[in-house]
Amino acid sequence: MLNPKTIHQLNEILGSDRLKKNVPLASHTTFGIGGPAQLFYKAKTSEELIKVIKAARELKIPYFILAGGSNILVANQGFTGLVIKVESQKIKIKGYKIIAEAGTLLAKVVKAAQEHSLSGLECCIGIPGTVGGAVAGNAGAKNQWISQCIKSVTILDKSGKIINLKKDNCQFCYRTSCFKDNPSKIILEAIFELKRENLKIIKEKTKQFLKARGNQPKEKSAGSIFKNPANDSAGRLIDAADLKGKRVEEAQISLQHANFIINLGKAKAKDVLALIKLVQNKVKEKFGVKLELEIKLIGFKKKK
Ligand code: EPU
């Protein structure tokens, strides 16, 4: 638990009307699961995001950056520390470039690109979450990634400086980057460089990417639970291990797509975790493949 003096100091910096206490996180995640954040702050601008990060670092408060909440599983005991919800949402279009702050919904950027007949972001159609989360996790579909149209990313580094990292310095790989789980590189905004294209062609491409998501469940989930292992698919392996439909209380492996765990209503984080372990064990036993989590676990004890 944080000591009251530290909380008081943070209150002084951020304002007691803005720093919330004991905020349930379930409604901030697409899984609809998770206990309270001891402290919770919505950063509505990049300036506020910089201010809160600097304060948390200075006061040595454990913090966690919450983006769209679409790729996380939060423990039911919640998070002891400060949850920073990124809601900076300015977006600018300059010629072939779109500059979007970290908290901008990815859907808004995809829409803006289409409205300006700009191509390159079609693979992001239907992906929930924000620019910051999507860039950190190099979101994508069908072997296309958001990083393919990134020009640069502006970050707050560990010494508190704002720097602009060119794409080649962002270490983009399958579902990861140098920003993923890295509190020393906080994404402030991303600059996308797109290509002018005929709107009909953009719409056709978008349709194809949407079609590729057609086998994904509509129930509450956190998207793909596991990363795809090299040259294979986690969904295919879990399906072949006969685990579709398997339930632990109200958490279930989707009957539609085996790499999704759905919340049937009142699933607890520990139920989801039990299914994760079951899948990992069965797939390892049957196919010798170790499935790695794509989602991030928040508030669990370290050894998990
Ligand atoms: N498959 C099965 N059974 C299943 C599910 C899939 O046999 O229950 C087979 C499919 O028939 C297909 C193969 O597995 O042959 C791949 O399945 P799919 O086309 O659904 O793609 P995926 O590899 O499971 C990836 C991304 C998705 C993205 C789709 C779109 C990962 C971990 N997942 O899924 O991303 O939307 O491609 O093409 O890379 C996410 O990351 O959260 C996510 C949803």
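## Strands, ligand shell and cavities in a predicted model

Three strands form an open sheet in the order β15-β16-β17, with antiparallel pairing. β15 (247–248) and β17 (261–263) are the edge strands, each with a single partner strand, so one side of each has no neighbour in the sheet. Strands pair here if DSSP finds at least two bridges between them. Strands (E, at least two residues) and helices (H or I, at least four) are DSSP runs, numbered from the N terminus. This is a predicted model, in which local features need pLDDT of at least 70 and side-chain atom pairs count only at pLDDT 80 or more, while totals for chains, interfaces and linings use all residues. Residues are numbered from 1 along each chain as its sequence is written, and side-chain values use heavy atoms, with hydrogens and water left out.

Within the sheet, three bridges pair strand β16 (residues 251–253) with β17 in the antiparallel sense. Gln-252 has Ile-262 of β17 as its bridge partner.

Another antiparallel pair is made by strand β6 (residues 91–94) and strand β7 (residues 97–101), joined by four bridges. One of the residues involved is Ile-91, whose bridge partner in β7 is Ala-100. The two strands form a hairpin with two residues between them, and Gly-95 in the turn has a positive phi of about 60°.

The ligand is surrounded by 22 residues, and the closest are Tyr-174, Asn-228, Asp-239, His-257 and Glu-294. Helix α6 (residues 234–240) gives the largest share of the shell, three residues.

| Residue | Protein atom | Distance to a ligand oxygen |
|---|---|---|
| Gln-216 | side-chain N or O | 2.8 Å |
| Ala-258 | backbone N or O | 2.9 Å |
| Glu-294 | polar side-chain atom | 2.7 Å |

On its own, the ligand has 820 Å² of accessible area, and the protein covers 74% of this. Such areas come from the Shrake-Rupley method with a 1.4 Å probe.

The whole structure holds one cavity of 30 Å³ or more. On a 1 Å grid over the protein atoms alone, a cavity is a set of points where a 1.4 Å probe fits but cannot get out, whereas a pocket is an open set with protein on both sides within 12 Å along at least five of seven lines; lining residues have an atom within 4 Å of a point. The largest cavity contains about 40 Å³ of space, volume being the space filled by probe spheres set on the points. Its lining consists of Val-110, Ala-113, Gln-114, Leu-118, Leu-121, Glu-122, Ile-202 and Thr-206. Five of these residues are nonpolar, two polar and one charged.

Note on methods. Nonpolar A, V, L, I, M, F, W, Y, C, P; charged D, E, K, R; others polar. Near = heavy atom within 4 Å. Polar contact = N/O pair within 3.5 Å; in protein donor to acceptor, adjacent residues only side chain to side chain.
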